[in-house]
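Open the model in your viewer and keep the sequence beside it. The tour goes from one selection to the next.

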Amino acid sequence: MLAFTAATTLTVTALGNPAQASEASDTAQVTYKGHTFSVPATWDVIDLAEDPDTCVRYDRHAVYLGKPAADAQQSCPADVLGRTEALVLEPDKGSAAAQVSENGTSHTYWATADGIAVTASYGENRDEIKKILASAGLPADEATPAATPAAMAAAQPSIQAVPADATSYQGEGFDRCAAPPTATMNAWKAASTYGAIGFYIGGVNAGCKDQASAEWVQTQYANGWRFIPIYVGPQAEAGSGSCTGDCVAITDPVPEGAASARDAVAQAQNYGLPAGSVLYYNMEHYNSGREKVLAFLQSWTTTIHELGYRSGAYGSASSLATDLVAANASGYTQPDVINFARWDEVPTTEDRAIPADMWANHQRVKQYDGPTEDDPNEETYGGITLDLDNDLLDVGEGSTQPPVQKDTTLTYSGPATVSNGSPAALSATLAEKDGGAPVADREVTLALGPTDALQTCAANTDAQGKATCTIDKVAQPLTGSATVPLKATFAGDEAYKASEATAELKLQYVTGRAYGLSAQIPVLALPIGIAPTPDTGVVRAADAKTVAPPCAAPINVLVLSADTLCAKVETKTGPSGSTATATVEDARIGLPGLPVVALSGVTATSTSSCTATTGSTDLSLTVAGTPVEIGDVPNYAIDLGPAAKLVLNEQIRTATGLTVNAAHLTAAGGVDVVIASSATDAYNCA
C-alpha cells in the first residue's frame, strides 16, 4: 500500500509499467499507462503487482493498479459488503477512443481507453467518480447504459453456458468474498469434502471485485464443482448484518427488486450460468424494514421467473426466513430456494423457524458457520488456507417456465413543440399492453428529426414506466409544415417484446419583415407609388440568420422625400426569436392642403419570441414647423385636417406577433404613406 505524505511524489511499478502518484493539497495525481486520474489525497493507492494477494474491495476508498496474478489468493474477508467510491486500473488492449458505460443498478462504471480498462464503483457520491473519470479524459457524462463489463468490448466472444445442473447439489459447500483461483479450487477438490462454491455475481452492495469469470465457471464445473451464485443488492438498512453502515438501502421496493433481478440475470449470463439456474439474493440480517424486504423479494422472484431463472433468497433464520414463513399464508410469491443462516455449527437443512412442508423438495441451503472476531473459521486443504462460510446444500434441478415475452405499448409523452438551440426534454411511457401496468427500468431511445439531421438520447424508465432524456441543443431543419418527426423505441428483452411510438412535433419558428418607406399618393396629376423600400421581404427561419438588403438611395419626389433608408431582420435560436428594424435618417411629407410633416432619426423595432413581443419607435417630429413631443406612447394620433391623420409609433398586434410603423399618414383619396415599418411573428409556441 502507498500512503501519501505531504509534498510527496511516489513512483510504483505495475506489471512492468510505471504508475506515478503525487500529492498536491487535497488531490493526488495517479498516472497509469499514460492516463492521469485526479483522486482525493486521502485514498490509498495499491499496486497489485507488488501485493497480488491484496483484496480488491469496493467498500473502501482506494485506487488499485494492475491485476493480481492468476494464482493469487486474495485475502478478502469471507463476507465484505457495502460500496463506496473506488477505482481499479488494469492493463487492456483498449481503444484510442475512450468509451464509458454505466450500470446504474450496481453503481458501477466501466471504461476503456488506449491500453487501459477501468472499473469504478460508487456509493452515495456518483458525482465524485464522474469527476475522477473526467479528469483522465473518460467521458462519464456520455456513458451508455450497460449491464456487464463485456458490453464495453468492441467484439465479445460468445459465452458458453455450463449445463443446467450447475446450481444443483446435495452436500457440503462454502462461500467467501473473492472466488479462489483454479489452483486453490483444484487443491480443495482433491483434499476436502466440499463440492459447491458460492461466489458473488454482482449487486450494488457486493464489496469485492470477484476473480470469477465465464472461463473460471467452465473450468470449475468441468472439475466437478457446483455453484451458489450470490447477488448483493439493496438492503433493508444501511447497517444490516455484515454492512458497516455503508450499504445502499431499499427505498422503492418493487422497481428496485425487479431491476436487481434483471441485473442479476445479466451478470449470470455473463458468467455462463444458464436459464434454470438458482440466483440467490443476499439479504443481510435486519431489525426493521420487514414490509420493504418482502415487497422487494417478491418483485425479485417474479422478475427472475419472467427471465427463466429460479429465485433463491439468502438471509438470517431469525429475520428473513421467519418473515417469509409468516407471509406464506397471504399467498405471497416465495423464492424457489431458501438459503438461511444459523451459525450453530450444525450441518442440517432442517430448522425450527421453517415448517417441514415449505421448501421441501430439495430447495434448501443452510449456512451453519462463518468467521467471527474470536474465530476466523479457517480451513486448510492441500496446503492452502481459506477463511470461509460453511454451507450445507440440498438443492435439486427443479424447473421453471421458459421466459414469456409480454406485449408492450410505448406512448410519446413529451413536449409537443421544440425550439432550435434549446434543450428538449423528450419522454415516452412504456407499459404492458395487457392491463397497462408500467414497465420499469427498461431503456427507451428517443430519436428526433429526419435521417440527415437525427438527434438521439436514451434513458431507463422509472417506476411509472416513463423514460425522460434530453437533447442538449435541438438542431432541426424548418420544413414547409414546420414539423419534426419523433420516434421512440424500446428494443425488447427476455421479458418484454419490442415496441415503438411515433409523433410529429412542432418546430418553433419566427418571421420578420422590415422596410424603410412605402407610399401611395394617387391624388395628384402625376400619382406617386413607391413599393416598400428597401425591403427585407418576409424572413421565415428556425435558425439564426441576418437579412439586411443594401440601404436605399435617397427618395425625392414632388411631395415626399426621404434619406438613408435601411432595413434589417435578425433571427436567433435558443429559444427562437426575431427582431426587425427599419431606420430612416430624414423624411418630409408635404401634401397640398395639409401641414408639412418632417421626421428625423426614425427607428421602428419589433421583436417576437414565444415568451414575449415588444415594439418601439424613436423619432423627432415637427408639424408645420412646430416640434411635437410624443414620448413612448403607442398609436399616438395627430389630426392633420379633414379626413387626414398621422399615427406615430403605430403598433398593430396579432395572435402571433406585432407590426410597428414609426409614422403612418393617411388622407382622403387613398393617400397612404408609411415611414419605417417592422413586423415580427413567432409560431408553434404551444
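Start by selecting threonine 445 and threonine 489: the latter, in β28, is the bridge partner of threonine 445. Keep in mind that this model is predicted.

Now widen the selection to the two strands, β25 (residues 443–448) and β28 (residues 483–490). β25 and β28 pair in the antiparallel sense, over 4 bridges. Strands of a sheet pair through backbone hydrogen bonds, either parallel or antiparallel.

Together β25 and β26 make a hairpin, with 6 residues between them. In the turn, pick glycine 449, which has a positive phi of about 100°.

Stay on β26 and colour its two faces.

In what order do its strands run? The order is β23-β29-β28-β25-β26, an open sheet of 5 strands with mixed pairing. At the edges are β23 (417–418) and β26, each pairing on one side only.

Leaving aside neighbours within four places in sequence, the contacts of leucine 446 include Tyr412, Leu426, Cys457, Cys469 and Leu486. Leu446 is also among the residues with the most contacts inside the largest nonpolar core, alongside Phe199 and Leu297. That core has 82 residues.

Last, select Ala514, Ala552, Val602 and Val671: they are among the 46 residues of another core, which lies apart from the largest one.

Conventions: Residues are numbered from 1 along each chain as its sequence is written. This is a predicted model: local features need pLDDT of at least 70, side-chain atom pairs count only at pLDDT 80 or more; totals for chains, interfaces and linings use all residues. Side-chain values use heavy atoms; hydrogens and water are left out. Two strands pair if DSSP finds at least two bridges between them. A nonpolar core is a set of buried Ala, Val, Leu, Ile, Met, Phe, Trp, Tyr and Cys residues joined through side-chain atoms within 4.5 Å. Buried means under 20% relative accessible area, exposed over 50%, partly exposed in between (1.4 Å probe, protein chains only). Contact means heavy atoms within 4.5 Å.
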